[in-house]
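Subject: Structure handover, with notes

Hi,

Here is the structure I promised to pass on to you. Have a look at it first, and then read on for my notes.

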Amino acid sequence: MKILVTGGAGFIGSNFILYWLKNHPQDLVINLDKLTYAGNLENLKDIKDNKNYSFMHGDICDREIVDKAMEGVGLVVHFAAESHVDRSIMNPSEFVKTNVLGTQVLLDSALKNKIKRFHHISTDEVFGSLKLNDLSIFNERTNYNPRSPYAASKAGSDHLVKAYHVTYGLPVTISNCSNNFGPYQFPEKFIPLAITNLLEGKKVPVYGDGLYVRDWLYVEDHCRAIDLILEKGTVGETYCIGGLTQDINNLEVVKKILKILGEGEEKIEYVKDRPGHDRRYALDWSKIKDELGWEPLYGFDEWLKKTVEWYKKNRQWWTNVKNGEYKTYYKKLYGRP
Ligand code: NAD
Ligand code: TYD
């Protein structure tokens, strides 16, 4: 089978390609990626000479390139997106372009090329924000209520994917997952930012009161879930994918990282809150557990330790990343280097 992965040079996409070639060594994987600031071919250096892997440099908004990438493909796994909420607040138009228009270009091409399955990667952020200490929790039937430009653009893409299934019969599946963490995550996101700042001797910026709750999913557990959806999932269906955290707030996450690294709480720095900051996400993933038999391999603490170890061992990887465009971005957002 020939698989087209979009955004395969990013965090989750590159973990997925490494996972896929390990577990499905007979398949051919094409990675279509624009290599934005978030795309990094270093993530894939171990497989760059694998004859079953090829890289195509291009934009998912470019119909010609997308049609070329789609030739002879059976399966599309669509990760490519602008993915960071803070950047969406600074520059929403890139998010609409890639996440909405780019997805629509891919859907058109998938129809034209009679793709057997189009799997769309989405987020729990499309469901909006829950209250603290509330019992409610998102599931596949929750109404959409996106609140950031990022979430709104992902919601738009989800609606288009569903519409192409209903209107044109495109065989699609969608997954809405919680916050991922693990190797090769760009250090603009909270967990790698906290770990790498501490490894550099810097403080961890915590937005507002720090009592914001996220559900945390280890990236390899996510890849296993996508694999199961592709193998056994029902066409037209959505699956929520979450981790084993239960209402853990950002301060608690930082304290766990501080403990692993043997650092004290003086390394926490409260900074200005994000505008429109969603208070709480929580995700019910019983559908994928009951129907497909998926669950995370380990709990949050185990995966967090493994993640910290990875960043300790791969200093060169994140130092290179932090030395690029990241410097300008960090200064603009946090007001200092
Ligand atoms: P990322 O920002 O690390 O990587 C995105 C990749 O897409 C990069 O390689 C980038 O170069 C590429 N890309 C961006 N615009 C492109 C374009 N126009 N054409 C082609 N390639 C383009 O993102 P990630 O964290 O790996 O997220 C992957 C997907 O998972 C996204 O769709 C995101 O919305 C979703 N998601 C992520 C998380 C998370 O916690 N990281 C959680 C839920 C859902
Ligand atoms: P983030 O990794 O940006 O993911 P998302 O906003 O998509 O959930 O942020 C996770 C949480 O951490 C979120 O509540 C915002 C918070 N946060 C901080 O407190 N400080 C930071 O420097 C960053 C980047 C995030």
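Predicted model: local features only at pLDDT ≥ 70, side-chain atom pairs only at ≥ 80, totals over all residues.

Residues are numbered from 1 along each chain as its sequence is written, chains are lettered from A and ligands numbered from 1 in the order in which they are written, and side-chain values use heavy atoms, with hydrogens and water left out.

**Ligand 2**

There are 18 residues around ligand 2, and those that come nearest are E125, R214, R274, H277 and Y334. A residue counts as near when one of its heavy atoms lies within 4 Å of the molecule. By type, the shell divides into nine nonpolar, four polar and five charged residues. In that scheme, Ala, Val, Leu, Ile, Met, Phe, Trp, Tyr, Cys and Pro are nonpolar, Asp, Glu, Lys and Arg are charged, and the others, Gly among them, are polar.

Both α6 (190-199) and β8 (204-207) supply at least two residues of this shell, and β8 gives the largest share, with three residues. Helices (H or I, at least four residues) and strands (E, at least two) are DSSP runs, numbered from the N terminus.

For R274, a polar side-chain atom lies 2.5 Å from an oxygen atom of ligand 2. The side chain of Y334 has an N or O atom 2.5 Å from an oxygen atom of the ligand, and for N250 the distance from a polar side-chain atom to a ligand oxygen is 2.9 Å. On its own, ligand 2 has 510 Å² of accessible area, and the protein covers 98% of that. Accessible areas come from the Shrake-Rupley method with a 1.4 Å probe.

**Salt bridges**

How many salt bridges does a search of the whole structure find? The search gives 20, each being a side-chain nitrogen of Lys or Arg within 4 Å of a carboxyl oxygen of Asp or Glu.

In one of them, K287 pairs with E237, with the closest N and O atoms 2.5 Å apart. K287 lies in helix α9 (residues 286-292) and E237 in the loop between α7 (219-232) and β11 (238-241), so this pair ties together parts that are 50 residues apart in sequence. K287 is buried at 15% relative accessibility, while E237 is partly exposed at 31%. Here buried means under 20% relative accessible area, exposed over 50%, and partly exposed in between (1.4 Å probe, protein chains only).

K267 and E263 form another salt bridge, at 3.1 Å between the closest N and O atoms; K267 is buried at 16% and E263 partly exposed at 29%.

E309 and K312 also form a salt bridge, with their closest N and O atoms 3.8 Å apart. Both lie in helix α10 (residues 300-313), three residues apart, about one turn of the helix. Finally, K34, D59, E94 and K97 are linked in a network of salt bridges.

**Backbone angles**

L35, which is not a glycine, has a positive phi near 55 degrees. L35 sits in the loop between β2 (28-33) and β3 (53-57) and is partly exposed at 30%. D247, also not a glycine, has a positive phi of about 45 degrees; its place is in the loop between β11 and β12 (248-249).

Best wishes

Technical notes
Polar contact = N/O pair within 3.5 Å; in protein donor to acceptor, adjacent residues only side chain to side chain.
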